[in-house]
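Please work through the following exercises with the sequence and the structure at hand. Each task is followed by a solution in steps.

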Amino acid sequence: MSQDRLYIGNRRYSSWSMRGWLAVRLAGLQVEEVVIPLEGGDTPAVKAVSPSGLVPYLEHDGNRIWETLAICEYGAEITPSLWPSSRAGRVHARVIAAEMHGGFRELRMAMPMNLCRDFAGLGRTEGALADIARIEALWADTLTRFGGGGPYLFGSDFNAADAMFAPVVTRFLTFRPEVSATTRAYCDAVRAHPLVAAWYDGAAKEPSAWVLPKYENP
Ligand SMILES: N[C@@H](CCC(=O)N[C@@H](CS)C(=O)NCC(=O)O)C(=O)O
């Protein structure tokens, strides 16, 4: 069995796992994937393997990496194109990835990730709508200054910044808040990316025993 492993939660719910998995796949790391069905917090099987008690958690080439942003940076150590090629682009990509990593809590609480449901119209709390407005402004600004015609935030290549925002895209597709045409086009492009499509396909195939009522009734 390979020494190199990526531990993730189930694809249907685990937004941080989706980001880490996308970064690892973009970086081309060969790892064994270990999927742990989440139990809605404090999952014993996650605590048993991950130093932080959270997923994603990567073991690669003797390195142990938790925290999604650190996994993105590790991926970029090996495959620099995870970040844009210009310094200005890299700086901005890191800034928005960090804002995603530390923020948008209201959106994440009100619109939990669920790839297999249609919750159109739900979750529109004041805080979630404020987070959505900030994200839309941030995407529009990034696309204008760095997108060069898109379809991704920094142009034709889906990079670590797109990976960090991919679970937000899934929330927009599941909960369908009212958003601009620019946001819709970006969401469609992310959804159509082969790695994102593969993650959705995997979610659809997960056993029904992994479904948690907590995340099915937002
Ligand atoms: N700050 C962490 C957040 C990771 C996180 O919260 N992961 C959730 C799953 S999306 C988790 O492991 N929850 C434990 C559980 O549900 O048992 C990161 O960036 O990786």
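**Exercise 1.** Determine which backbone oxygen the side chain of T170 reaches, and describe the place of T170 in this predicted model.

Solution. 
- Step 1. The side chain of T170 reaches the backbone oxygen of P167, at 2.7 Å.
- Step 2. T170 belongs to helix α7.
- Step 3. The relative accessible area of T170 is 1%, and buried means under 20%, so T170 is classed as buried.

**Exercise 2.** Find the helix that holds F172, and decide whether F172 is buried or exposed.

Solution. 
- Step 1. F172 is located in helix α7, which covers residues 160–175.
- Step 2. With a relative accessible area of 5%, F172 is buried.
- Step 3. F172 and A120 are 52 residues apart along the chain, and their C-alpha atoms are separated by 9.0 Å.

**Exercise 3.** Examine the salt bridge between R12 and E216, and explain which parts of the chain it ties together.

Solution. 
- Step 1. Side chains of opposite charge can pair when their charged atoms come close.
- Step 2. A salt bridge requires a side-chain nitrogen of Lys or Arg within 4 Å of a carboxyl oxygen of Asp or Glu. The closest N and O atoms of R12 and E216 are 2.9 Å apart, and the two residues form a salt bridge.
- Step 3. R12 lies in the loop between β1 (5–9) and α1 (15–27), whereas E216 lies in helix α10 (residues 213–216); the pair therefore ties together parts that are 204 residues apart in sequence.
- Step 4. R12 is buried at 14% relative accessibility, and E216 is buried at 8%.
- Step 5. By the rule of Step 2, the count comes to 11 salt bridges.

**Exercise 4.** For the salt bridges R94 with E73 and R134 with E99, state the distances, the helices and the exposure of each residue.

Solution. 
- Step 1. R94 and E73 meet through their side chains at 2.9 Å, N to O.
- Step 2. R94 is partly exposed, with 36% relative accessibility, and E73 is partly exposed, with 27%.
- Step 3. In the salt bridge of R134 with E99, the closest N and O atoms are 2.8 Å apart. This pair links distant parts of the chain, 35 residues apart: R134 in helix α6 (residues 126–147) and E99 in helix α4.
- Step 4. R134 counts as partly exposed at 40% relative accessibility, as does E99 at 25%.
- Step 5. Salt bridges that share partners also join R5, E32 and E59 into one network.

**Exercise 5.** Describe where the ligand sits, which residues are closest to it, and how much of its accessible area the protein covers.

Solution. 
- Step 1. The largest pocket holds the ligand.
- Step 2. The ligand is surrounded by 13 residues, of which the closest are T43, V55, E67, T68 and H101.
- Step 3. An N or O atom in the side chain of E67 is 2.8 Å from a nitrogen atom of the ligand.
- Step 4. An N or O atom in the side chain of H101 is 2.6 Å from an oxygen atom of the ligand. For D42, a backbone N or O atom lies 3.2 Å from an oxygen atom of the ligand.
- Step 5. On its own the ligand has 510 Å² of accessible area, and the protein covers 84% of this.

Technical notes: Residues numbered from 1 in each chain as written. Predicted model: local features only at pLDDT ≥ 70, side-chain atom pairs only at ≥ 80, totals over all residues. Heavy atoms only, no water. Helix = DSSP H or I, 4+ residues; strand = E, 2+ residues; numbered from the N terminus. Buried < 20%, exposed > 50% of the residue type's maximum accessible area, 1.4 Å probe, protein only. Near = heavy atom within 4 Å. Polar contact = N/O pair within 3.5 Å; in protein donor to acceptor, adjacent residues only side chain to side chain. Areas by Shrake-Rupley, 256 points an atom, 1.4 Å probe, with all protein chains shown as cover. 1 Å grid on protein atoms, 1.4 Å probe; cavity = no way out; pocket = protein on both sides within 12 Å on 5 of 7 lines; lining within 4 Å. Sits in = over half its atoms within 2 Å of the grid points.
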